[in-house]
Amino acid sequence: MRTKGWWLLLIMAFAPVLAANAYDVSGRIVYEAKGPIGAFKGENTAVSGALSWDPGQQAASGRVCVDLTAWDSGEPLRDKHTRSMFGTDVYPEACFELEGVRPAAAADAIVLEGRLTMHGVTLPLEIPGKLVQKPDGRLYFAGYFETRISDWGMKRPSMMGFKVRDLVKVWVYGEGVPR
């Protein structure tokens, strides 16, 4: 009798951990910035990481990183300036530490909560978006946020003596594959 009680306590203690699902994460990041002669976009598919998701508890944690040397805007000189702005020789990646999720206004919307470290600066970041879990267990997330280059201690690139605007729009697309 005593042994059964101990096992029951052990199972109850680890139930939240057992209910969580582990995922390998890949994805795509798209930015849009405005310069002196119009807006431009860049894309980065060098996204990788891992997360734990417990849909019953609406709890998540993990780490997802982006290789900042891998931006592609279709213009090699612009991409060179982007790498220079990020200081990729010293700060080759940006990493988001997922600390939790909360429901958003729409039924299928959530807000990822965490901290983003980029260019040696760590700031809190919330990414509102939509999360879909497919029948095969894969998770898909699409979200959007805005940030300012100056918040990260970076210098805005310039073109023809005119600086790129400080505000940058960022779209996040991720896929989580069950381990």
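This is a predicted model: local features need pLDDT of at least 70, side-chain atom pairs count only at pLDDT 80 or more; totals for chains, interfaces and linings use all residues.
I searched the whole structure for salt bridges and got eight, taking a salt bridge as a side-chain nitrogen of Lys or Arg within 4 Å of a carboxyl oxygen of Asp or Glu. Residues are numbered from 1 along each chain as its sequence is written, and side-chain values use heavy atoms, with hydrogens and water left out.

I looked at Glu-32 and Lys-169, whose side chains form a salt bridge at 3.9 Å, N to O. Glu-32 sits in strand S1 and Lys-169 in strand S10 (residues 167-178), so the pair ties together parts 137 residues apart in sequence. Strands here are DSSP runs (E, at least two residues), numbered from the N terminus. Glu-32 is buried at 17% relative accessibility, while Lys-169 is partly exposed at 26%; buried means under 20% relative accessible area, exposed over 50%, partly exposed in between (1.4 Å probe, protein chains only).

Next I checked Arg-102 and Glu-113, a salt bridge at 2.6 Å, N to O. This pair links strand S4 to strand S5 (residues 109-118), eleven residues apart. Salt bridges with shared partners join Arg-102, Glu-113 and Glu-126 into one network.

Then I went for cysteines and found one disulfide, the cut-off being a pair of cysteine sulfur atoms within 2.5 Å. Cys-65 and Cys-95 have their sulfurs 2.0 Å apart, and the link is right-handed, with 110° about the S-S bond. Cys-65 is buried at 11% relative accessibility, and Cys-95 is buried at 5%.

Terms used:
Helices (H or I, at least four residues) and strands (E, at least two) are DSSP runs, numbered from the N terminus.
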